[in-house]
Amino acid sequence: MTRAEIEKLLEEHREGFAARDPVRLASLHLADGTFESPAAGVVRGRAAIEQVYRYWFEAFPDLVLDWTSEVVEGDRAMFLWTLSGTHSGPFFGLEGSGSKVRTAGAAEIRFADGGMALVRHVFDFTGVLVAAGVLKARPA
(Lines give C-alpha, C1' and ligand atoms only; values in the text may rest on other atoms or scores of the structure.)
Protein backbone atom coordinates (compact mmCIF):
# COMPACT_ATOMS: atom_id res chain seq x y z
CA MET A 1 0.00 0.00 0.00
CA THR A 2 1.15 3.53 -0.62
CA ARG A 3 1.69 6.01 2.19
CA ALA A 4 -1.34 7.98 0.96
CA GLU A 5 -3.53 4.85 1.12
CA ILE A 6 -2.30 4.11 4.64
CA GLU A 7 -2.93 7.67 5.79
CA LYS A 8 -6.45 7.49 4.32
CA LEU A 9 -7.18 4.26 6.22
CA LEU A 10 -5.84 5.81 9.43
CA GLU A 11 -8.17 8.77 8.98
CA GLU A 12 -11.09 6.41 8.39
CA HIS A 13 -10.07 4.53 11.54
CA ARG A 14 -10.06 7.77 13.52
CA GLU A 15 -13.48 8.69 12.10
CA GLY A 16 -14.84 5.25 12.97
CA PHE A 17 -13.82 5.75 16.59
CA ALA A 18 -15.30 9.24 16.64
CA ALA A 19 -18.59 7.78 15.35
CA ARG A 20 -18.32 4.81 17.76
CA ASP A 21 -19.16 2.57 14.82
CA PRO A 22 -17.94 -1.04 15.24
CA VAL A 23 -19.11 -2.09 11.76
CA ARG A 24 -17.23 0.74 10.10
CA LEU A 25 -14.10 0.04 12.16
CA ALA A 26 -14.17 -3.68 11.42
CA SER A 27 -14.61 -3.01 7.70
CA LEU A 28 -11.13 -1.46 7.64
CA HIS A 29 -9.59 -4.78 8.72
CA LEU A 30 -8.80 -7.54 6.26
CA ALA A 31 -11.36 -10.36 6.30
CA ASP A 32 -8.75 -12.61 7.94
CA GLY A 33 -7.07 -9.79 9.91
CA THR A 34 -5.78 -10.02 13.45
CA PHE A 35 -6.49 -7.80 16.45
CA GLU A 36 -4.39 -8.07 19.62
CA SER A 37 -4.80 -6.37 22.99
CA PRO A 38 -4.43 -7.19 26.68
CA ALA A 39 -8.23 -7.11 27.00
CA ALA A 40 -9.18 -9.22 23.96
CA GLY A 41 -6.13 -11.41 23.54
CA VAL A 42 -5.61 -12.43 19.92
CA VAL A 43 -8.75 -12.17 17.78
CA ARG A 44 -8.89 -13.22 14.14
CA GLY A 45 -11.40 -12.36 11.44
CA ARG A 46 -13.46 -9.29 10.71
CA ALA A 47 -16.61 -10.52 12.50
CA ALA A 48 -14.70 -11.28 15.71
CA ILE A 49 -12.87 -7.95 15.51
CA GLU A 50 -16.21 -6.15 15.13
CA GLN A 51 -17.34 -7.81 18.37
CA VAL A 52 -14.30 -6.40 20.21
CA TYR A 53 -15.16 -2.87 19.11
CA ARG A 54 -18.85 -3.42 19.90
CA TYR A 55 -18.03 -4.72 23.40
CA TRP A 56 -16.04 -1.59 24.27
CA PHE A 57 -18.65 0.80 22.85
CA GLU A 58 -21.41 -0.94 24.79
CA ALA A 59 -19.39 -0.85 28.01
CA PHE A 60 -18.33 2.78 27.41
CA PRO A 61 -20.96 4.47 25.19
CA ASP A 62 -19.10 7.79 25.41
CA LEU A 63 -15.70 6.22 24.64
CA VAL A 64 -13.18 8.57 23.07
CA LEU A 65 -9.88 7.43 21.59
CA ASP A 66 -7.55 10.36 20.95
CA TRP A 67 -4.20 9.76 19.37
CA THR A 68 -1.10 11.69 18.47
CA SER A 69 0.19 12.04 14.97
CA GLU A 70 0.97 8.62 13.70
CA VAL A 71 4.36 7.50 12.46
CA VAL A 72 4.10 5.66 9.15
CA GLU A 73 7.04 3.56 8.01
CA GLY A 74 6.71 1.10 5.17
CA ASP A 75 3.65 -1.07 5.69
CA ARG A 76 3.00 -0.10 9.30
CA ALA A 77 1.94 2.80 11.47
CA MET A 78 2.32 3.45 15.17
CA PHE A 79 0.79 6.03 17.46
CA LEU A 80 0.21 6.83 21.12
CA TRP A 81 -3.37 7.15 22.28
CA THR A 82 -5.54 8.05 25.25
CA LEU A 83 -8.84 6.27 25.87
CA SER A 84 -11.48 7.79 28.10
CA GLY A 85 -15.09 6.96 28.84
CA THR A 86 -17.73 6.24 31.44
CA HIS A 87 -18.36 2.64 32.41
CA SER A 88 -22.07 2.43 31.63
CA GLY A 89 -22.59 -1.08 30.27
CA PRO A 90 -21.47 -4.64 31.05
CA PHE A 91 -17.69 -4.92 31.28
CA PHE A 92 -15.93 -8.10 32.37
CA GLY A 93 -18.78 -9.21 34.59
CA LEU A 94 -19.70 -5.85 36.09
CA GLU A 95 -22.74 -3.84 35.03
CA GLY A 96 -22.17 -0.13 34.46
CA SER A 97 -20.61 1.46 37.54
CA GLY A 98 -20.63 5.06 36.33
CA SER A 99 -16.87 5.18 36.88
CA LYS A 100 -14.74 7.36 34.66
CA VAL A 101 -11.93 5.47 32.96
CA ARG A 102 -8.87 7.01 31.37
CA THR A 103 -5.77 5.21 30.18
CA ALA A 104 -2.90 5.73 27.79
CA GLY A 105 -1.60 3.20 25.33
CA ALA A 106 0.11 2.59 22.03
CA ALA A 107 -0.96 0.97 18.79
CA GLU A 108 0.80 -0.70 15.91
CA ILE A 109 -1.06 -1.30 12.68
CA ARG A 110 0.32 -3.38 9.82
CA PHE A 111 -1.25 -2.89 6.41
CA ALA A 112 -1.61 -5.15 3.39
CA ASP A 113 -3.47 -4.64 0.15
CA GLY A 114 -7.06 -3.92 1.05
CA GLY A 115 -6.76 -2.90 4.67
CA MET A 116 -5.37 -3.51 8.12
CA ALA A 117 -3.77 -6.94 8.50
CA LEU A 118 -2.83 -6.54 12.17
CA VAL A 119 -3.81 -4.10 14.89
CA ARG A 120 -1.97 -4.42 18.20
CA HIS A 121 -2.77 -2.30 21.26
CA VAL A 122 -0.66 -2.14 24.41
CA PHE A 123 -2.04 -0.54 27.60
CA ASP A 124 -2.52 -1.03 31.33
CA PHE A 125 -5.57 -3.29 31.21
CA THR A 126 -5.42 -4.01 34.93
CA GLY A 127 -5.59 -0.25 35.56
CA VAL A 128 -8.71 -0.05 33.37
CA LEU A 129 -10.35 -2.88 35.32
CA VAL A 130 -9.54 -1.14 38.62
CA ALA A 131 -10.81 2.23 37.36
CA ALA A 132 -14.06 0.66 36.13
CA GLY A 133 -14.56 -1.11 39.46
CA VAL A 134 -14.20 -4.64 38.08
CA LEU A 135 -11.13 -5.25 40.26
CA LYS A 136 -10.47 -3.87 43.69
CA ALA A 137 -6.96 -2.68 44.45
CA ARG A 138 -5.54 -3.63 47.82
CA PRO A 139 -3.81 -0.86 49.72
CA ALA A 140 -0.03 -1.16 49.79
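Tutor: Gladly, and let us begin with α4, whose buried residues are covered by elements that include α3, β6 and β7. Please keep in mind throughout that this is a predicted model.

Student: Okay, and which residues in α4 are buried?

Tutor: In α4 the buried residues are F125, V128, L129 and A132. They lie on the same side of the helix, because together they cover an arc of only 100 degrees around the axis of α4.

Student: Why would residues a few places apart point the same way?

Tutor: An α-helix has 3.6 residues a turn, so residues three or four places apart point the same way.

Student: What follows α4?

Tutor: The helix α4 is followed by G133, whose phi is positive, near 95 degrees.

Student: Where are they placed?

Tutor: R20 sits in the loop between α1, residues 3-18, and α2, residues 22-27, while F92 sits in the loop that runs between β5, residues 76-86, and β6, residues 100-112.

Student: And how accessible is F92?

Tutor: F92 counts as partly exposed, because its relative accessibility is 36% and that class lies between the 20% limit for buried and the 50% limit for exposed. R20, with a relative accessible area of 32%, is partly exposed as well.

Student: Changing topic, how many cavities of 30 Å³ or more are there?

Tutor: The count comes to one cavity of 30 Å³ or more, and the volume of the largest cavity is about 180 Å³.

Student: What lines the largest cavity?

Tutor: Its lining is made up of F17, F35, S37, V52, Y53, W56, L63, L65, W81, L83, H121 and F123. The elements that give two or more residues to this lining are β1, α3, β5 and β7, and the largest share, three residues, comes from α3.

Student: How many of the lining residues are nonpolar, polar or charged?

Tutor: By class, the lining of the largest cavity has 10 nonpolar residues, two polar ones and no charged ones.

Student: What about the largest nonpolar core, which residues touch the most other members there?

Tutor: That core has 36 residues, and those that touch the most other members are L10, F17, W56, L63, W81, F91 and F111. The element that gives the most to this core is α3, with six residues.

Student: Last one, I6. Is I6 buried or exposed?

Tutor: I6, which is placed in helix α1, is buried, because its relative accessible area is 0% and buried means under 20%. Leaving aside neighbours within four places in sequence, I6 is in contact with M1, V72, G74, D75 and F111.

Student: And how far apart are I6 and A77?

Tutor: I6 and A77 are 71 residues apart in sequence and 8.1 Å apart in space, taken from C-alpha to C-alpha.

Conventions: Residues are numbered from 1 along each chain as its sequence is written. This is a predicted model: local features need pLDDT of at least 70, side-chain atom pairs count only at pLDDT 80 or more; totals for chains, interfaces and linings use all residues. Side-chain values use heavy atoms; hydrogens and water are left out. Helices (H or I, at least four residues) and strands (E, at least two) are DSSP runs, numbered from the N terminus. Buried means under 20% relative accessible area, exposed over 50%, partly exposed in between (1.4 Å probe, protein chains only). On a 1 Å grid over the protein atoms alone, a cavity is a set of points where a 1.4 Å probe fits but cannot get out, and a pocket is an open set with protein on both sides within 12 Å along at least five of seven lines; lining residues have an atom within 4 Å of a point. Grid points are joined across faces, edges and corners, and a volume is the space filled by probe spheres set on the points. Ala, Val, Leu, Ile, Met, Phe, Trp, Tyr, Cys and Pro count as nonpolar, Asp, Glu, Lys and Arg as charged, and the others, Gly among them, as polar. A nonpolar core is a set of buried Ala, Val, Leu, Ile, Met, Phe, Trp, Tyr and Cys residues joined through side-chain atoms within 4.5 Å. The arc is that of the directions from the helix axis to the C-beta atoms. Contact means heavy atoms within 4.5 Å.
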